[in-house]
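Here is a quick tour for anyone meeting this protein for the first time. Have a look at the structure, then read on.

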Amino acid sequence: MLETSALVDRELRCVACGSTFMFKVGEQIFFRDRQFTNPIRCRACRNQARQARQADARLCSECSATWVLSAADAGWFTSRGLHLPTRCASCRRSRKHSAVKKD
Ligand SMILES: [Zn+2]
Ligand SMILES: [Zn+2]
């Protein structure tokens with residue numbers, strides 16, 4: 001039979017939002033059977049990440065929030081030979097010395 005008796009629900013901490021979430025025995029078996037690595041994000045963040053993938057969104061390198069780089073924005077950066085931003089809009093806004101003059 002399955003060696004489920006050795007497994008217990010585990011509490012993991014989400015790398016994205018920092019909250020703890022339960023990694024249930026049932027999920028552990030599911031992950032193990034598929035040889036997935038243990039989840040690093042809570043369910044809400046995983047759903048968010050899944051939606052983000054579909055929308056070509058990125059993970060902010062500063063706050064780990066997901067944000068979408070629109071095709072228009074991507075074109076703006078690449079057409080100027082700039083690196084695509086790695087931080088979300090609010091993190092970029094909060095940086096005073098990034099000095100983007102838009103007016
Ligand atoms: Zn989370
Ligand atoms: Zn951010």
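Let's start in a loop: Ser64 sits between β3 (57-59) and β4 (66-68). This is a predicted model, and in it Ser64 has a positive phi of about 65°, even though the residue is not a glycine. Most residues other than glycine have a negative phi.

Gln35 is another non-glycine residue with a positive phi, near 55°. Gln35 is exposed, as it has 6 other C-beta atoms within 10 Å.

Two glycines also have positive phi values: Gly18 in the turn between β1 and β2, and Gly81, which comes after α3.

| Residue | Phi |
|---|---|
| Gly18 | about 80° |
| Gln35 | near 55° |
| Ser64 | about 65° |
| Gly81 | near 70° |

Now for the wider picture. The protein has four helices and four strands, and from the N terminus they run β-β-α-α-β-β-α-α. The opening pair, β1 (residues 10-13) and β2 (residues 20-23), are antiparallel partners joined over four bridges. They make a hairpin with six residues between them, and Leu12 stands opposite Phe21 in β2.

Helix α3 (residues 71-79) lies largely in the open, because zero of its nine residues are buried.

Terms used: Residues numbered from 1 in each chain as written. Chains lettered and ligands numbered in written order. Predicted model: local features only at pLDDT ≥ 70, side-chain atom pairs only at ≥ 80, totals over all residues. Buried ≥ 20, exposed ≤ 12 C-beta atoms within 10 Å, placed from the backbone. Pairing = 2+ DSSP bridges.
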